[in-house]
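Welcome! Please take a look at the sequence and the 3D structure shown here, and then read on for a short tour.

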Amino acid sequence: MALTPFLIGGSDIFDPFNTDSLIFGSRSSDRPSSYARDVAAVANTQVDWKETPEAHIFKGNLPGLSKDEVKVQVEEGRVLQISGERRKEETTQGEKWHRVERVHGSFLRRFRLPENVKVEEVKAGMENGVLTVTVPKMQKPSAKTIDITCN
């Protein structure tokens, strides 16, 4: 029985800062828009992205996977990449599957990070099947007040 991959991946990067791609999608009519592919990917592997004053926080549901089966990288161009693989459960002789609903295969999610992040300080942790990636933000320098002197 062939199962579909765990997640649609590839070169698509979710970029919330590019509103044209969200509204218009791909201009090529022979393939689905990157927005449509990202919607399909979200349906298979959910990742929440929250911004706080200090950081961008990503939380992904990866039930049944260990930290050794998941890879978190930051590529050039500030692209956060979360990937991994859920292996197919082996069947021994005498066993018979009656229903298979849990998907297996590779998954890949990519997110373009804003310019105000510290990519060298990214941290990732996994607890109870939830991956949490924290990307700290650079603090904006406070405005410096200049004293005006009279001559």
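## A salt bridge between Glu51 and Lys137

Glu51 and Lys137 join their side chains in a salt bridge, with N and O 2.7 Å apart. The term salt bridge is used here for a side-chain nitrogen of Lys or Arg within 4 Å of a carboxyl oxygen of Asp or Glu. Glu51 belongs to strand β1 (residues 47–51) and Lys137 to the segment after β7 (130–136), so this pair ties together parts that are 86 residues apart in sequence. How exposed or buried are the two partners? Glu51 is exposed, at 51% relative accessibility, while Lys137 is buried, at 11% relative accessible area. Buried means under 20% relative accessible area, exposed means over 50%, and partly exposed is in between (1.4 Å probe, protein chains only).

A word on the source: this is a predicted model, where local features need pLDDT of at least 70 and side-chain atom pairs count only at pLDDT 80 or more, while totals for chains, interfaces and linings use all residues. Residues are numbered from 1 along each chain as its sequence is written, and side-chain values use heavy atoms, with hydrogens and water left out.

## The other salt bridges

The count of salt bridges comes to 3. Side chains of opposite charge can pair when their charged atoms come close. Arg110 sits in strand β5 (residues 105–112) and Glu75 in strand β3 (residues 70–75), so the pair ties together parts that are 35 residues apart in sequence. Arg110 is buried, with a relative accessible area of 13%, whereas Glu75 is partly exposed, at 28%.

Glu85 and Arg87 form a salt bridge too, and their closest N and O atoms are 3.4 Å apart. Glu85 is partly exposed, at 34% relative accessibility, and Arg87 is exposed, at 58%.

## Arg110 and its polar contacts

Which side chains make polar contacts with that of Arg110? Glu75 is one of them, at 2.3 Å, and Gln81 is another, at 3.3 Å. A polar contact is a pair of N or O atoms within 3.5 Å; within protein, one must be able to donate a hydrogen and the other to accept it, and residues adjacent in sequence count only if both atoms are side-chain atoms.

## The nonpolar core

In soluble globular proteins, nonpolar side chains tend to be buried together. Here the largest nonpolar core has 14 residues, and Phe58, Val70, Leu80, Ile82 and Val133 touch the most other members. Such a core is a set of buried Ala, Val, Leu, Ile, Met, Phe, Trp, Tyr and Cys residues joined through side-chain atoms within 4.5 Å. β4 (79–86), β5 and β7 each supply at least two residues of this core, and β7 gives the most, with 3 residues.

Leaving aside neighbours within four places in sequence, the contacts of Phe58 (heavy atoms within 4.5 Å) include Trp49, Leu80, Phe111, Leu131 and Val133.

## The whole chain

The protein chain has 2 helices and 7 strands, in the order α-α-β-β-β-β-β-β-β along the sequence. Helices (H or I, at least four residues) and strands (E, at least two) are DSSP runs, numbered from the N terminus.

Of the chain's 151 residues, 28% count as buried. Among contacts between residues at least 6 apart in sequence, 61% join residues at least 24 apart.
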